[in-house]
Amino acid sequence: MKVFVGFSLVATSGLTTAWPSGSGCLCTSDQSCWPTISEFDQLQSQVSQPLIYPLPTASACYPISDPSGNCIDVIQNADDGNWRSSMPGSMEAPNFEMFMFKNGTIDACYINTTITGTCGQGSVPVIGVDVRSVADIQAAIGFAVKHNLKLVVKNTGHDYLGRSSARGSFVVWTHNMKNISYNPAFVPQGGPANDTYDAVTLGAGVQWHEAYDAVNQYGRMMVGGYSAGGSVGAAGGWLAGGGHSFLSSTYGLGVDNAVEISVVLSTGEYLTVNNYQHSDLFWALRGGGGSTYGIVTSVTYRTYPSLPVQLYVFQANITNSSALQEMVAELMYSQTQFTDDGWGGYSTMNNQSISSLYIAPNMTNETATATTQAWTDYAHSLEPWGVTSTAIIYSFPRASFNMIAGGKVNQIDPDSAGLNPAWRNAVVEVAYGIIWQDGTSSTEIKGMIDQLKEGIQTMYDLTPNDSAYFNEASLFEINWKETFFGSHYSTLKDIKNKYDPFKLFVVAEGVGSDDWDKELTCRV
């Protein structure tokens with residue numbers, strides 16, 4: 001086993017627009033090519049909701065002398081993912097709301113109003129469409145193609161690569177596409193009548209807390225994401241990047257549980273794709289990266305019966321650095337045993353502690369104790385070397401929950417989806433990151449980025465043949481095409497070119513982005 005290292009029907013309408021494609025640059029709001037007010041008015045007449053003018057998260061706190069909104073609300077909810085996702089201009093990672101010019105000047109809108117005293121638009125899109133239907137998306141795409149606009153697609157804004165924002169851009173906001181439908185005998189379009197699934201179809205804007213609540217009503221659970229408040233989108237970038245879960249070692253990744261996807265292409269075509277229709281696009285949409293092939297409108301996932309689960313909670317406090325290193329090494333070594341026994345979950349660590357939260361469905365308390373006892377005993381044996389640890393097992397009679405690899409993930413054909421094949425040899429994902437405070441200078445930020453690059457290089461040197469999870473990585477990965485997509489990259493790019501002939505969808509280090517400059521605005 002390898003360690004996975006990282007720091008994702010028929011056409012109903014088409015465009016008849018001429019396109020100056022093949023070369024040139026995308027249009028941003030600071031250029032004369034930007035649409036006029038009357039042209040935006042024309043777009044307004046074609047969509048169901050008022051056009052949106054996204055603002056940075058902290059905009060309500062400005063101007064300081066007369067705040068435009070409730071600044072106390074901003075301060076109190078700044079760390080709430082569901083609150084942030086409810087606003088088209090708010091990103092989960094605030095650094096992707098700011099913009100750093102080449103000379104080091106930063107344009108931002110800080111919650112701490114004393115830093116600059118002004119609120120800059122930064123990288124937040126300036127205008128867009130709050131889409132509620134396929135027709136809304138088709139109108140937005142048609143407008144973007146006609147005017148050659150820099151386009152971004154945003155759902156919740158949970159993103160570590162800044163793919164939900166771009167300075168001077170036009171945004172398609174899918175967050176309010178909240179339809180959910182459950183079908184215990186779902187048949188994929190074009191498939192035989194006996195190919196049925198107990199499934200749920202989620203609109204593009206559904207978040208995991210909403211999806212879990214919905215399937216729980218039917219006594220079902222599903223493979224899904226984990227985040228505070230369940231704020232991650234269930235039918236967007238999570239799936240497009242692969243989609244790991246507490247339940248992955250038992251039921252596979254998100255890409256292994258999607259049975260059908262609906263998507264609007266840059267041509268305006270609306271397709272429903274699965275293993276029977278446009279199977280190549282279905283393959284690419286499952287792990288080949290988000291905002292790359294089209295705009296997903298819904299995803300249908302299989303569900304599973306709600307089962308009793310065991311929860312293993314482990315905490316260790318460590319005062320000896322040598323003991324910490326040994327313990328981390330042993331924990332990595334133990335992962336294959338954990339996942340093969342049916343456990344999946346998440347661990348965090350720093351220089352003084354290790355915390356783990358693992359879940360196993362349909363396991364007895366006796367089996368849970370037996371399969372974790374070796375690790376618990378090992379941790380306790382380190383007490384003479386400055387390690388104090390606790391391990392508790394909880395039993396739950398039923399759960400609707402959403403190790404993220406190993407087990408079932410390793411048993412699935414690496415070529416069954418566009419996902420990086422390295423996932424099929426992986427056991428764990430190792431994440432490493434940096435954080436800076438509002439107001440940090442560009443010089444200091446660049447210094448911290450250099451530290452991050454050193455960390456990435458260290459991990460690469462340790463595991464040169466491994467890869468990174470596209471949804472939880474950085475803009476500084478080594479050999480990003482291989483790191484994110486592996487041997488599937490060339491096939492994914494062919495599919496990208498086939499279904500996005502207008503080259504409308506381009507994101508940082510996404511498939512096809514190698515045809516663009518560093519700013520992703522001009523083709524090279």
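Visitor: Which strand order and pairing sense does the open sheet of 5 strands have?

Guide: Strands are DSSP runs of E with at least two residues, numbered from the N terminus, and two strands pair if DSSP finds at least two bridges between them. Here the open sheet of 5 strands runs β7-β8-β12-β10-β11, with antiparallel pairing. Its edge strands, each pairing on one side only, are β7 (180-186) and β11 (270-273). This is a predicted model, in which local features need pLDDT of at least 70, side-chain atom pairs count only at pLDDT 80 or more, and totals for chains, interfaces and linings use all residues. Residues are numbered from 1 along each chain as its sequence is written, and side-chain values use heavy atoms, with hydrogens and water left out.

Visitor: Over how many bridges do β10 and β12 pair?

Guide: Strands β10 (residues 258-264) and β12 (residues 295-302) are joined in the antiparallel sense over 6 bridges. V264 stands opposite I295 in β12.

Visitor: Is V47 buried or exposed?

Guide: Buried means under 20% relative accessible area, exposed over 50%, and partly exposed in between (1.4 Å probe, protein chains only). V47 has 10% relative accessibility and therefore counts as buried. V47 lies in the loop between α1 (37-44) and α2 (71-77), helices being DSSP runs of H or I with at least four residues. Contact means heavy atoms within 4.5 Å; leaving aside residues up to four places away in sequence, V47 touches V129, D136 and A139.

Visitor: Which residues have the most contacts inside the largest nonpolar core?

Guide: A nonpolar core is a set of buried Ala, Val, Leu, Ile, Met, Phe, Trp, Tyr and Cys residues joined through side-chain atoms within 4.5 Å. In the largest, of 57 residues, they are L202, W208, M222, L281 and Y301. Helix α8 (residues 279-285) gives the most to this core, with 5 residues.
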